[in-house]
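Subject: Structure handover

Hi,

Here is the structure I promised to pass on. Please load it first; my notes follow below.

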Amino acid sequence: DNGTIMNAGKEWFSAQKKQNLAPQKRALGFVFQDHQLFPNMSIIENLNFAISDGGNGVDKMEYYLDKFGLQDFTNKMPKTLSGGQKKRTVIIAAAI
């Protein structure tokens, strides 16, 4: 209710100016602590489920799997991954 919130030099909120930048215009993402992966699906199944552009996300998915070092884990179930591997999987799902 009071003060200012700035990020990278851009003012998101100012009580004095009565300014509040809409969340969708803040270009900020986050990953939930509980990872939001389907426990009964492998990593590749989770990622395929996340592809929402009619299949065009497959190239992006392969790129990110390689970039994040997860290409050898695609057939693993979420319960077998470390917390960091789960987080990276969720980030890939959001990116594709």
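A residue counts as exposed when its relative accessible area is over 50%, and as buried when that value is under 20%. Bear in mind that this is a predicted model.

Salt bridge first. Lys17 has a relative accessible area of 56%, so Lys17 is exposed. Its partner is Glu11: the two side chains form a salt bridge, at 3.1 Å from N to O. Glu11 sits at 17% relative accessibility and therefore counts as buried. Side chains of opposite charge can pair when their charged atoms come close. A search of the whole structure turns up one salt bridge.

Next, helix α2, residues 57-67. Gly57, Met61 and Leu65 are buried there. They lie on the same side of α2, because they cover an arc of only 75 degrees around the axis. The cover over the buried residues of α2 includes α1 and α3. On the face turned away from the buried side, you will find the exposed residues Asp59, Glu62, Asp66 and Lys67. Just after α2, Gly69 has a positive phi of about 70 degrees.

Last, the largest pocket. Its volume is about 210 Å³. The lining has 13 residues, and His35, Gln36, Val90, Ala93 and Ala94 are the closest to the pocket centre. Two or more lining residues come from each of α1 (43-50) and α3 (83-95). What is the class make-up of the lining? It has 10 nonpolar residues, three polar and no charged ones.

Best wishes

Terms used:
Residues are numbered from 1 along each chain as its sequence is written. This is a predicted model: local features need pLDDT of at least 70, side-chain atom pairs count only at pLDDT 80 or more; totals for chains, interfaces and linings use all residues. Side-chain values use heavy atoms; hydrogens and water are left out. A salt bridge is a side-chain nitrogen of Lys or Arg within 4 Å of a carboxyl oxygen of Asp or Glu. Buried means under 20% relative accessible area, exposed over 50%, partly exposed in between (1.4 Å probe, protein chains only). On a 1 Å grid over the protein atoms alone, a cavity is a set of points where a 1.4 Å probe fits but cannot get out, and a pocket is an open set with protein on both sides within 12 Å along at least five of seven lines; lining residues have an atom within 4 Å of a point. Grid points are joined across faces, edges and corners, and a volume is the space filled by probe spheres set on the points. Helices (H or I, at least four residues) and strands (E, at least two) are DSSP runs, numbered from the N terminus. Ala, Val, Leu, Ile, Met, Phe, Trp, Tyr, Cys and Pro count as nonpolar, Asp, Glu, Lys and Arg as charged, and the others, Gly among them, as polar. The arc is that of the directions from the helix axis to the C-beta atoms. Contact means heavy atoms within 4.5 Å.
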